Amino acid sequence: MTAILKTRGLRREFLTKKPLFGAPTVVRAVDGVDLEIETGETFAIVGESGCGKSTLARLLVRLIDPTEGEVWYDGTDIAHVPAVKMRALRRDLQFVFQDPFSSLNPRMTVGALIEEPLHTHGWVDRSARKARVAELLTRVGLTPAHADRFPHEFSGGQRQRIGIARALATGPKVLIGDEPVSALDVSIQAQVINILEDLKDEFGLTLVIIAHDLAVIRHMADRVAVMYLGEIVEVASCEDLFAKPRHPYTEALLAAIPIASVGARKAETRLSGDLPNPIDPPSGCRFHTRCPYAEASCANERPALTDVGGREVACHRVHEVQLKGLAEDAPARSPAAQARFQMYRAASAEKQKPNP
Amino acid sequence: MNATPPLLSVQDLSIRMGGTKTNLVDGLSFDVGIGETVCIVGESGCGKSLTALALMGLLRTPPLHLNGGTALFDGEDLFRLPETQRRQIRGGRMAMIFQEPMSSLNPALRIGEQIAESVRRHQGASREAARTRALEMLERVRIPAAEKRLDEFPHQLSGGMRQRAMIAMAMANDPSVLIADEPTTALDVTIQAQILDLMRALQSETGAALILITHDLGVVAEMADKVVVMYAGRVVEAGPAASVFHDPQHPYTIGLMSSMPSLGARSEKLVTIPGVVPSPLAMPEGCRFQSRCPFAEPGCAMRPVFTEIAPDHGVACLRAPLEGTLDPGLRETGT
Ligand SMILES: Nc1ncnc2c1ncn2[C@@H]1O[C@H](COP(=O)(O)OP(=O)(O)OP(=O)(O)O)[C@@H](O)[C@H]1O
Ligand SMILES: Nc1ncnc2c1ncn2[C@@H]1O[C@H](COP(=O)(O)OP(=O)(O)O)[C@@H](O)[C@H]1O
Ligand code: SF4
Ligand code: SF4
Ligand SMILES: [Mg+2]
Ligand SMILES: [Mg+2]
């Protein structure tokens, strides 16, 4: 496996304005991240709100500049290439937002929105552009006729499809989605997840997905990075991470998931309190104020992300604590209900066959 | 199942937009008993919030209006009470918590003042007694340094703490019915688990009935005694939680459960519910799920009757039980 994206000591600070007097405070939104994302994989980033996921995602494709550190793509440190070169690289590195239309011009037609990146990347032939737009719309389960309509005429799920079509227009190698399905209802979410996975296979994409829904990550990801207050605390294969977490924070996240099956284990609150204020993060291990396994020394020394056999973990006690993962229970259902689920699967596949 | 009469009994609740011919909420019925949790589940736009607002007497945005139905609470029909009485019930014997705490917290008032104000209004308590009650409530919802938080403004609290403060306010007058509309949807799973825990604990202390509105089947499985599944304004399936999860019947319920990515071993492609919810102006005649249902047949153009299929477990589908058409042997094991 070769890494398609690689970061070294990546750091991004934000200054928050102080009212009236005093120096502005500094938030270290991303604080020393070393990651390797492999070609063709689906890589997920998970963590509580405010832990720096979106900032990291934006750094990966240089939608924002880092305060420090490197981001390597295809032999280039994109964090430091001149703007002109970056514009060309942008063709390879595309971004899908939670709601693409909150950041796009509502007065442009869908066709024009998808054409825009084609323009930028030198598609001069107008009819070729139109044909490409029609093809992309079809690919994401819409119709070419949708090109003449405006964003507000579409539902959330359709808008997300359009956002994906736009991101795919230039034939990227890496697609980064910042909560691409979080705003959608489950039935629509499932449609969009399927589209993303189909497109990934078809175009050989590398996917980086940010999501706070762990079930979505379990379904989509090959590997997962868990973030806490600007740092990566664990990186592992999806399978291993869910079955046997090695960082106490990962364990706590898994324990809190409510499971949609009566009689399954109840969600557990292993964490008391909220995420600490990132302006003034705890000393030593940043998780020590909430960690059920913390000992005195955890407050003094910052644990480094270390290889512990097939995965990386940042915890002083990684070799001492035994952590619990998620058991793989299938939901308890009556035989008749199981038959109904099979019937549903078959019938809906049948119904969706001719035109989706 | 219910030996005692229900605390709140909703029958045939309908809500309509003036000038249109379709009910946004159409003939909704359910009961909730003392200490019981009923979860109303369905995707966005199916009428969950409208239902909650109607029950609280907060449906105040004409041309939206109540278009029939009763809600019996303590022997009285809420929908027929004058506004003065409803105001007395609201925040007193019936309370509501919202997805966005800022929609019920006043940003200009200190947390303690807000809770105390509600206690004074409903219980006629003195200033000191009300403040003591406010403090007690903040402690009960486990807000750290409660004494200090009393004098803080809502914006000074984190999202999770604001949610707790709102719960404290809702519970301050010992309501016998608490309606919670997506109370944890905006929160991280870790904080969600804390809030659900808290609601369970308060409920077992006070015996309040809880109507919990959510689109998350995980939260439903976690909390519900009874489940009401809504689609496009109608109840499509309802029953005891164990029965609905163990033996779901309606194609929409099954589709919803199938579309959820599993937490277990990675599955193949997700099963989906094709299409989207029809707009209220283009609602199909008969079964409203018709346009998306993989089992739809011509007969579905007639409205399916809500029929009991197992004890207290009902479904509104012409073809239920689905497997009946497949293999008669399976039918018996199913119920
Ligand atoms: N432009 C900005 N100016 C100041 N602070 C910022 C800015 N962007 C992000 N931050 C801060 O950086 C931290 C990380 O934010 P980020 O948006 O990356 O979190 P996130 O993990 O994506 O959260 P969420 O799950 O809520 O989307 C937060 O403390 C946030 O307040
Ligand atoms: N104030 C309003 N005016 C007009 N239509 C409304 C209003 N509030 C809700 N609706 C419509 O009523 C239906 C049900 O909405 P709602 O109860 O908010 O759904 P849910 O809470 O299940 O997501 C939707 O079609 C919605 O668009
Ligand atoms: S280093 Fe200490 S505080 Fe941090 S996760 Fe490990 S045990 Fe917990
Ligand atoms: S009545 Fe018909 S359309 Fe409605 S859910 Fe049943 S089979 Fe599907
Ligand atoms: Mg974010
Ligand atoms: Mg709602």
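Mentor: Happy to. Let's start with a backbone contact: an oxygen atom of ligand 2 sits 2.8 Å from a backbone N or O atom of Leu50(B). The protein covers 65% of the 560 Å² of accessible area that ligand 2 has on its own. Please keep in mind throughout that this is a predicted model.

For Gly45(B), a backbone N or O atom lies 2.7 Å from an oxygen atom of ligand 2. For Gly47(B), a polar backbone atom is 3.0 Å from an oxygen atom of the ligand. Stepping back to the whole shell, 13 residues surround ligand 2, and the closest of them are Gly45(B), Gly47(B), Lys48(B), Ser49(B) and Leu50(B). Helix α1 of chain B, residues 48-56, gives the shell its largest share, with three residues. Sorted by class, the shell holds six nonpolar residues, five polar ones and two charged ones.

Now to the meeting of the chains. Chain B brings 63 residues to the contact and chain A brings 60 residues. Together the two chains bury about 5400 Å², with 60% of that area on carbon and sulfur atoms. On the chain B side, Glu222(B), Leu263(B) and Arg266(B) supply 14% of the area that chain B buries against chain A, more than any other three residues.

Polar groups take part as well. There are three salt bridges between chain B and chain A. In a salt bridge between the two chains, the side chain of Lys269(B) meets that of Asp198(A), with 2.8 Å from N to O. Counting polar contacts between chain B and chain A gives 22 residue pairs, both residues at pLDDT 80 or more.

As for which elements form the side of chain B that touches chain A, those giving two or more residues are α7 (189-206), α8 (217-223), α9 (241-246), α10 (251-259) and α11 (328-334) of chain B. The largest share, eight residues, belongs to α7(B). By class, this side of chain B divides into 30 nonpolar, 21 polar and twelve charged residues.

Notes: Residues numbered from 1 in each chain as written. Chains lettered and ligands numbered in written order. Predicted model: local features only at pLDDT ≥ 70, side-chain atom pairs only at ≥ 80, totals over all residues. Heavy atoms only, no water. Near = heavy atom within 4 Å. Polar contact = N/O pair within 3.5 Å; in protein donor to acceptor, adjacent residues only side chain to side chain. Areas by Shrake-Rupley, 256 points an atom, 1.4 Å probe, with all protein chains shown as cover. Helix = DSSP H or I, 4+ residues; strand = E, 2+ residues; numbered from the N terminus. Nonpolar A, V, L, I, M, F, W, Y, C, P; charged D, E, K, R; others polar. Contact = heavy atoms within 4.5 Å. Buried area = accessible area lost by both parts, 1.4 Å probe. Salt bridge = Lys/Arg side-chain N within 4 Å of Asp/Glu carboxyl O.
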